[in-house]
Every structure is written in C-alpha cells, then in structure tokens.
Amino acid sequence: MPHPRQYNPCVDDDRSILKRGAKRTLWLRAVHGPHADVVVKRFHAPGLFDRFRDLHRAQSERRTLHALFARGLPVPEPLGVERHAAGVDLIMRSIEGARSLAHLIREPVAAPSASTIAHSIGVLLARAAMCGLRHPDLHAGNVLVDADGRAWLVDLSSAKLGGAFDWSEHERALVVLAADVRERTSGRDRARVLISSLRFLLRAGCRDLPGVRDVAQRIEHAARLRRRTVLARASRRWMRASSVTQPIERATRSGTERGLRARDADEARCWQALDGGGARPFVAGNARSVDRAWRTAARLHEHGIPVAAPL
C-alpha cells in the first residue's frame, strides 16, 4: 500500500490550512477580486480502493450541500469539484468570520453570547431535521458560528438526505452533540439548545413532540453513556501499539525502564503532574507507571483538557 504522505496535498502556505488528516485536508484559498475566498476540501485517501471512492465522496457531499443550500439552510455554498493527481477537491464558498463551536468553547468571546449561540444551534439542528438530514458525524468541530452568532453546518461527507422529519433521529443528533461538548459546556447551555429546537419545531407545525423536562433528562442520560463509551474506545485506541495516531515513543532506558519523551521544555513541565517529580524531558519508570501516565494523558486529552502530547 502506498504511504499516506504520498497523497497529502501541496499547499503553498501552511498557515492557510484549517484542518489536516490522513484522508482529508481543508484549507482557505484566497481569491482576488470582489468574490469571497473559497475553502478547498481535498480528499486524498491513502489506499488505492479508497482513492477511487474519493470522487464519489466529493460529488456526494457537493450534492448534499447544493440541496440544503437551495432550501436556505446555513451551509457552505458548493462551487464545484476538481480532480487532480494529488486527490479530489471540493470547492466551497468560505463563511466570513466563522469559527467552529469547538474553538469558541476553548476560547470564548464576549459577543455573540453563549445564549445566542445556543439558540442559533438549536434552530439550525431543527431546520436540518425538518429537511430530513442525517448527520452521523455531528460534533463541535462541524458546527461553525459567524460574527453575528448564526450557526452553520459543515463537513457533510457522511450525511444523508431523505425522508420526512423524524423526532428520534433529531434526538439522536442532540445526544451526539451533547456528548461531544459535555465536559466543556454547562447543562444550562445544552438545555437552551434543546428548548430553542423544540420551539422552532412547534412554530413550524410539528406535532406529538415530547415534553422539555422528560426529553432533557433522556438526552443528558444518553449523552453521559455515549461519552463513557467514546472514552473507553479512545483509551483502547491510544494504548494500541500499532495505532498510527498514537504519538508515543516507547523507549528503553538502562535495559529495564520505559518512558515517554516530551518534545520540548514546555511539554516536560506539563509532565510534572503525571510524573510526580521534577520537570524532566524524559518520564521514566517501570512499564506500569509509564502506561499509567500515558492513560492519564489520554483521558485528559479526550476530555478536552490541555495536556502535553509526548512523542
């Protein structure tokens, strides 16, 4: 199988990259003139079979975006699909001043307020549900908020359109999003999202909707269970020696010890709490103590708490 790096896109300015992964890269491309800049999403899967499917994925996402954009849903305007030797590009109009919900949670701003953002997200999810959208990968990174507090839905590569409004599907989407932001948001803000969504659906003529109190308790309970499952799965992934996502160097020291090597002095200081000793570039110990430190770092990272990422 070819090495994944072979298909990574060539971007002239790395500062324009918005998101980079093994199969997708998203970056901002400046457009000179009166038109707004565009966002390019390049599909560059490493496997030969997946590369053949990249064109289908890009075209499918373009069709979904076009259908939702035509219905007035806040999604990026698709501009076209281009095929290159390095991958397949989906080109979309950029959303000026928009930042992801994950970024806003991490770095809050005074305006728009949290209540405004929660209301906008609730309305967005309700409108998406009324369009029959099924978004299995709904998380804080796939919801953007612009300077006016308007919420936008992005990354619809795995989303499907079809069917009428289904409350159970809408509740599932609320659970998935609530689980993703559970440790970083308050229960009041999550309740605001639910209430805004229910009010919009009632004004739109939807009937047989559940009561706010009952559904709020059900969503919080389901989100807690889902989060527990996600953390357990992530812990197994972090500890898998063959994982390409595991940024760990298991080194041998004095023939008997293993350790985690930090990349710089700042990371070494971050390891103080895990190591229980002085700030050292190498956290040493027996296999059990090192694995315990690594699991602790994994748990903090999955809870959205800043922690050093060892090599």
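Student: How do the residues lining the largest cavity divide into nonpolar, polar and charged?

Tutor: The lining of the largest cavity has seven nonpolar, two polar and two charged residues. Here Ala, Val, Leu, Ile, Met, Phe, Trp, Tyr, Cys and Pro are nonpolar, Asp, Glu, Lys and Arg are charged, and the others, Gly among them, are polar. This is a predicted model, where local features need pLDDT of at least 70 and side-chain atom pairs count only at pLDDT 80 or more, while totals for chains, interfaces and linings use all residues. Residues are numbered from 1 along each chain as its sequence is written, and side-chain values use heavy atoms, leaving out hydrogens and water.

Student: Which residues line the largest cavity?

Tutor: First, the idea: on a 1 Å grid over the protein atoms alone, a cavity is a set of points where a 1.4 Å probe fits but cannot get out; a pocket is an open set with protein on both sides within 12 Å along at least five of seven lines, and lining residues have an atom within 4 Å of a point. In this model, L125, A128, A129, L133, R134, H135, L138, L153, E169, H170 and A173 form the lining. At least two of the lining residues come from each of α3, β7 (133-134) and α4. Those labels are DSSP runs numbered from the N terminus: helices are H or I of at least four residues, strands are E of at least two.

Student: What is the volume of the largest cavity?

Tutor: About 100 Å³, where volume is the space filled by probe spheres set on the grid points, joined across faces, edges and corners. The whole structure holds one cavity of 30 Å³ or more.

Student: What about the second largest pocket: which residues lie nearest its centre?

Tutor: A118, T185, D189, R190 and V193 lie nearest the centre, out of 26 lining residues. The pocket has a volume of about 520 Å³. Two or more lining residues come from each of α2 (101-106), α3, α4 (167-180), α5 and α6 (212-239), and α5 gives the most, with six. The lining divides into 19 nonpolar, three polar and four charged residues.

Student: How should I read the packing of helices, and at what angle do α3 and α5 pack?

Tutor: Two packed helices are described by the angle between their axes and the distance between the axes. Helix α3 (residues 114-130) and helix α5 (residues 187-203) pack at about 45°, their axes 7 Å apart. That makes α3 oblique to α5. Axes are lines fitted to C-alpha atoms, for helices over the stretch in contact, with angles from 0 to 180 degrees between N-to-C directions; under 35 degrees counts as roughly parallel, over 145 as roughly antiparallel, 65 to 115 as roughly perpendicular and the rest as oblique.

Student: Which residues of α3 and α5 meet?

Tutor: Contact means heavy atoms within 4.5 Å. On the α3 side, the residues include A118, I121, L125 and M130, and they meet α5 residues including D189, V193, F200 and L201. The contact of α3 with α5 has 10 nonpolar, five polar and three charged residues.

Student: At what angle do α4 and α5 cross?

Tutor: They cross at roughly 160°, with axes that come within 11 Å. That makes α4 roughly antiparallel to α5. W167, H170, L174 and A178 in α4 meet R190, V193, L194, S197, L198 and L201 in α5.

Student: Where is D155, and what is its phi?

Tutor: Most residues other than glycine have a negative phi, and most peptide bonds are trans. D155 has a positive phi of about 55°, and D155 sits in the loop between β9 (151-153) and β10 (160-161). D208 also has a positive phi, near 60°, and D208 lies in the loop between α5 and α6.
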